[in-house]
Amino acid sequence: MPQNRLITRRRALQFGLGAAASAGLSAKAYGSYLSSQVQTRNSLEDSIANSSSSLKQKAAAKGLIYGSSGRYKDLMEDQKFAACFVQECGMLVPEWELKWSAGEQPLRPSPAVFDFTRGDRLARFAQTNQLLLRGHSLVWHLSLPDWFAQTVDSQNAEDFLTSHIRTVVGHYAGQMHSWDVVNEAIELADGQPGGLRNTPWLKLLGSNYINLAFRAAAAADPDALLVYNDYGLEYGHASDDAKRSAVLKLLEGLKTQGTPVHALGIQSHLSGDAGDFDANKLRHFLADVADLGLKVLITELDVTDQRLPSDIATRDRIVAEAYENYLLVVLDQPAVMAVITWGLSDRYTWLSEFTPRSDGASVRSLPLNANFDRKPAWYAVARAFEEASRH
Ligand code: XIL
């Protein structure tokens, strides 16, 4: 391997470890993760330059994590998918299983019950296959169970919130790289102070619910990186401008009151027909977040092809361009430490239901196609990792 490449790689790793430590992430877990990636790399012939190396290896070469969300059923019942997942990903985010209520076997089937069966099996899968594990999400208005409205009131709400977090975060303490503690708390259209979404938690506890949630998570697992996660922050539209300011104000306020928030998660559900990014706005926003001492994770990256032409080659090219254009801007910011796609293969993506195509064709939004072959989107993400200049 050429000497200069080796130096660049070492510097990238140093950066990665420093970033993890300063963010409060367990340096031990992150360090052994990166060195396992390096050993794998060193056993291959200069795999950075080798286009067949995986996305996780290309990311790790720049001190970054690449991972994906995955659902229990898909990973447990489709061995070929599971093998591809392990080959490409350095991190697993259970897509349903750690929400209060989602999927066939919810975590919170009733007020007094926690069912960790599926979460635990996914955690074991991650551990066996040397994947980092990331928790999603502790507070999200869209995953509240049916029993919530009849059971939780202003008297017991704080206890429900903090005991949920204590129990779930405590259960996985030491195993989690990071947690999405609060998801999607901003909705300007709701007209609440600070642009807060008018969720049941806001109605029951006021705006302090966010601070309470982060404090409970930090107490239950002091090593996990604690993340505020949101969408609608990526493009140059006026609505994204307003949301970026509201999120920034929220984060500033949390930092000022000493709330243990360590990172911003930018979901990054992109749209193939949304036009160009406003690279300057995005760069400024990322710099403002980094100036608060926060890390940034790209947490749910995918590209909807709902309104793109039906021709597959054209669609794949446009989707790939969206990935590459976005990541080239985002990866320029040193505070960005991870890129997670919301799914790995077109066979298993929430977009098949959320943004289906009117021509009935299958969606082509992720790095691998439905047969798990690499698509232009895979090469676009790979190139963005290769080209990222990390200082
Ligand atoms: C989605 C999952 O992908 C779906 O399978 C599930 O039915 C609903 O949730 N933003 C989020 C994620 O933070 O939790 C959502 O995931 C997608 C939008």
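Among the 13 residues around the ligand, those that come nearest are Glu 95, Trp 96, Lys 99, His 136 and Glu 300; a residue counts as near if one of its heavy atoms lies within 4 Å of the molecule. The model is predicted, so that local features need pLDDT of at least 70 and side-chain atom pairs count only at pLDDT 80 or more, while totals for chains, interfaces and linings use all residues. Residues are numbered from 1 along each chain as its sequence is written, and side-chain values use heavy atoms, without hydrogens and water.

By class, the shell holds 4 nonpolar, 4 polar and 5 charged residues. Here Asp, Glu, Lys and Arg count as charged, Ala, Val, Leu, Ile, Met, Phe, Trp, Tyr, Cys and Pro as nonpolar, and the others, Gly among them, as polar.

| Residue (polar side-chain atom) | Ligand atom | Distance |
|---|---|---|
| Trp 96 | oxygen | 2.6 Å |
| Glu 300 | oxygen | 2.8 Å |
| Trp 342 | oxygen | 2.9 Å |

On its own the ligand has 410 Å² of accessible area, of which the protein covers 81% (Shrake-Rupley method, 1.4 Å probe).

Elsewhere, a search of the whole structure finds 16 aromatic pairs, that is, rings of Phe, Tyr and Trp (its six-membered ring) with centres within 6.5 Å; planes under 30 degrees apart count as stacked, over 60 as edge-to-face and the rest as tilted. The ring centres of Tyr 66 and Phe 385 are 6.2 Å apart and the planes stand at 65°, so this pair is edge-to-face. It links distant parts of the chain, 319 residues apart: Tyr 66 is in strand E1 (residues 65-70) and Phe 385 in helix H15 (residues 376-387). Helices (H or I, at least four residues) and strands (E, at least two) are DSSP runs, numbered from the N terminus.

Two backbone features remain. His 136 and Ser 137 are joined by a cis peptide bond with omega of about -10°, and Ser 137 belongs to strand E3 (residues 132-139).

Glu 184, a residue other than glycine, has a positive phi near 60°.

Terms used. A polar contact is a pair of N or O atoms within 3.5 Å; within protein, one must be able to donate a hydrogen and the other to accept it, and residues adjacent in sequence count only if both atoms are side-chain atoms.
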